[in-house]
Amino acid sequence: MNIRHDYKLALDFFDWACLRRDPNLEARCIIVQIAVASKDLKLAHDLICDFWAKPNLDFDVSFTHFVDRLIYTYKEWGSDPHVFDIFFQVLIEVGMLDEARSFFDKLLNYGVVISTDSCNLYLTRLSDNFDRLRISIKVFNEFPQVGVCWNTASCNIIINSLCQLGRVKEAHCLLMQMKFRGDAPDVVSYSTVINGYCLGGELQKVLKLIQEMQMKGLKPNLYIYNSIILLLCKSGKVDDAERVLREMINQGIVPDTVVYTTLIDGFCKLGNIQAAYKLFDEMEKQRIVPDFIAYTAVICGLCRCGKMMEADKVFNKMFSRGVEPDEVTYTTLIDGYCKSGEMEKAFSLHNQMVQSGLTPNVVTYTALADGLCKLGQVDTANELLHEMCGKGLQLNICTYNSLVNGLCKSGNIRQAVKLMEEMEVAGMYPDTITFTTLMDAYCKTGEMVKAHELLREMLDRGLQPTVVTFNVLMNGFCMSGMLEDGERLLAWMLEKGIMPNTTTYNSLMKQYCIRKNMRGTTEIYKGMCAQGVMPDSNTYNILIKGHCKARNMKEAWFLHKEMAEKGFNLTASSYNSIIKGFFKKKKISEARELFEEMRREGMAADAEIYNLFVDISYGEGNMETALELCDEAIENCFLNRIKKEKQ
């Protein structure tokens with residue numbers, strides 16, 4: 001007692017005593033009080049933590065004793081209320097949240113209120129556990145009644161809790177109430193609500209909140225930009241998402257791997273590989289190291305487009321950069337090879353996957369079985385699935401659907417129907433995908449009556465058709481020349497609130513082009529844009545070929561420029577159409593420009609176009625170019641055809 005004001009001496013004496021025996025609880029509380037009075041809060045914190053770290057401690061008994069001793073020693077040894085804050089914080093840190101609340105209530109009887117910062121720590125720990133989120137909101141509403149003054153950080157914690165519970169509107173209300181409470185919302189407040197709305201897909205509310213932020217002089221942070229880019233990509237508005245990326249960079253915010261990977265994946269899903277590659281290169285130039293997720297996204301996009309050679313190059317690049325592929329990466333590439341009919345390479349990758357210590361899953365085996373079925377090797381596919389079952393993996397609906405799809409692709413519709421019946425016997429009921437796959441097979445063979453019967457059966461079972469189901473029907477109508485039925489289907493979809501996608505409109509536009517009705521094609525295109533459906537590479541190629549057939553070369557040229565700006569590429573058949581169209585219009589310079597562009601892209605023109613440019617080069621006296629084109633024509637038009645025939 002006599003040396004309590006000499007902090008160093010009191011501390012030395014305590015350390016000396018500890019070397020001889022463990023201090024009792026009262027002694028520990030006394031030195032904690034002295035440390036807090038001397039503003040050595042860290043030591044006080046450590047002394048309390050050391051007590052709770054003791055082995056075989058009875059927490060309930062120890063808690064009661066510690067609280068009693070801490071209150072008993074308070075008046076004589078320190079009288080600094082910060083000591084209660086520190087004890088409260090330690091209880092929270094060691095996970096004794098119920099005891100922390102009990103201690104809080106006990107202090108109220110003595111007229112002591114725990115500080116806002118300590119209460120914020122309590123709110124944070126309550127919010128860490130989903131089951132306790134509602135308790136944190138209850139505490140937030142109750143504590144002001146006993147004297148706790150919440151601040152901006154407190155509101156941010158509760159805004160986050162509300163968003164985690166899906167109560168984003170309530171979080172938004174709290175954000176608006178903050179200014180009336182005297183707590184100015186900060187970037188964290190806004191970013192949390194914005195992320196909540198992004199997860200709910202409410203873009204307009206997000207844009208309004210960002211505008212409100214900027215009016216208050218607050219700049220969006222990386223977290224906000226990430227959320228918006230993810231939302232736009234999920235909505236298929238990847239071009240808009242890239243514009244957000246550019247704005248973000250202009251604001252001096254450096255994008256991270258997540259932002260780039262989200263955009264790369266978005267472009268790949270749209271089939272715009274060129275734009276994805278551009279971002280991938282930009283990422284590396286910015287010294288942002290792509291992870292296996294970014295690599296897998298690019299590989300997946302390339303596989304979807306059937307560009308297996310490029311996908312393989314990216315896969316090998318992963319290894320050279322020391323990035324280890326996982327099961328998803330391997331399975332994506334295996335699936336790509338299976339879809340392109342290169343089963344030898346697919347099984348080679350499967351073996352490589354196993355040798356690297358990764359375990360093929362149901363998706364891997366399903367891809368392999370699907371590939372075998374498409375080649376008509378149904379028995380081999382069944383053997384593979386038996387092997388899969390022998391390894392303890394269970395056939396699932398996706399496996400059955402892949403088999404049904406494989407059988408349909410190989411023309412075995414009857415066997416596919418039989419397999420669907422066997423599914424039900426095995427207790428695996430066909431889903432929307434199963435029915436849609438069979439409908440697609442019937443539509444492609446022109447059996448629209450059977451396709452309709454399947455649709456009715458599907459609806460009778462309570463299964464909801466997707467936009468893919470309707471696209472299958474649309475394609476069937478168009479292929480069967482039933483364009484009016486296709487138009488009625490589109491009108492019905494819009495009336496029922498079923499949003500058509502790019503594929504829906506592409507099927508109709510293609511048939512209008514075949515009928516050389518470009519006015520009707522343009523109307524469909526305008527209707528598509530009015531619905532907010534973005535054109536893809538296929539859309540542009542359909543329109544360009546249609547306009548070329550109708551000799552509308554200005555429109556074709558304009559569309560070519562527009563698609564190039566968006567990162568889409570012409571197909572070889574589109575190049576051939578537009579080059580021939582310019583020749584017919586005597587626009588030789590434009591035709592030549594496109595021909596050279598086509599060659600740079602590594603695409604082969606048809607024999608007629610080679611003949612035209614050989615004649616032009618010969619007429620200009622450019623024998624070297626004429627002979628070069630002759631060699632190229634022989635290679636591309638004759639030798640490649642012979643190779644394909646031999647295969």
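Predicted model: local features only at pLDDT ≥ 70, side-chain atom pairs only at ≥ 80, totals over all residues.
Thr399 sits in helix 23, which spans residues 397–409. Its relative accessibility is 1%, so Thr399 counts as buried.

Another is a polar contact with the side chain of Thr366, at 3.1 Å. Leaving aside residues up to four places away in sequence, Thr399 touches Val362, Thr366, Leu385 and Met388.

## A nonpolar surface patch

Ile3, Leu9, Phe13 and Trp16 form a nonpolar patch on the surface. Together they have about 390 Å² of accessible area.

Leu9 belongs to helix 1 (residues 7–20). With a relative accessible area of 41%, Leu9 is partly exposed.

## Aromatic pairs

The model has 25 aromatic pairs. One of them joins Phe140 and Trp150, which are stacked: the centres lie 5.5 Å apart, with 20 degrees between the planes. Phe140 is in helix 8 (residues 133–142) and Trp150 is in the loop between helix 8 and helix 9 (152–164), so the pair ties together parts ten residues apart in sequence. Both Phe140 and Trp150 are buried.

Phe280 and Tyr295 have ring centres 5.1 Å apart and planes at 70 degrees, so this pair is edge-to-face. Phe280 lies in helix 16 (residues 273–285) and Tyr295 in helix 17 (residues 292–304); the pair links distant parts of the chain, 15 residues apart. Both Phe280 and Tyr295 are buried.

Ring pairs also build a cluster from Phe51, Trp52, Phe63, Phe66, Tyr74, Phe84, Phe87 and Phe103.

Definitions and conventions:
Residues numbered from 1 in each chain as written. Heavy atoms only, no water. Helix = DSSP H or I, 4+ residues; strand = E, 2+ residues; numbered from the N terminus. Buried < 20%, exposed > 50% of the residue type's maximum accessible area, 1.4 Å probe, protein only. Polar contact = N/O pair within 3.5 Å; in protein donor to acceptor, adjacent residues only side chain to side chain. Contact = heavy atoms within 4.5 Å. Patch = residues over 30% accessible without salt bridge, like charges linked within 9 Å, V, L, I, M, F, W, Y side chains within 5 Å. Areas by Shrake-Rupley, 256 points an atom, 1.4 Å probe, with all protein chains shown as cover. Salt bridge = Lys/Arg side-chain N within 4 Å of Asp/Glu carboxyl O. Phe/Tyr/Trp six-rings, centres within 6.5 Å; stacked < 30°, edge-to-face > 60°.
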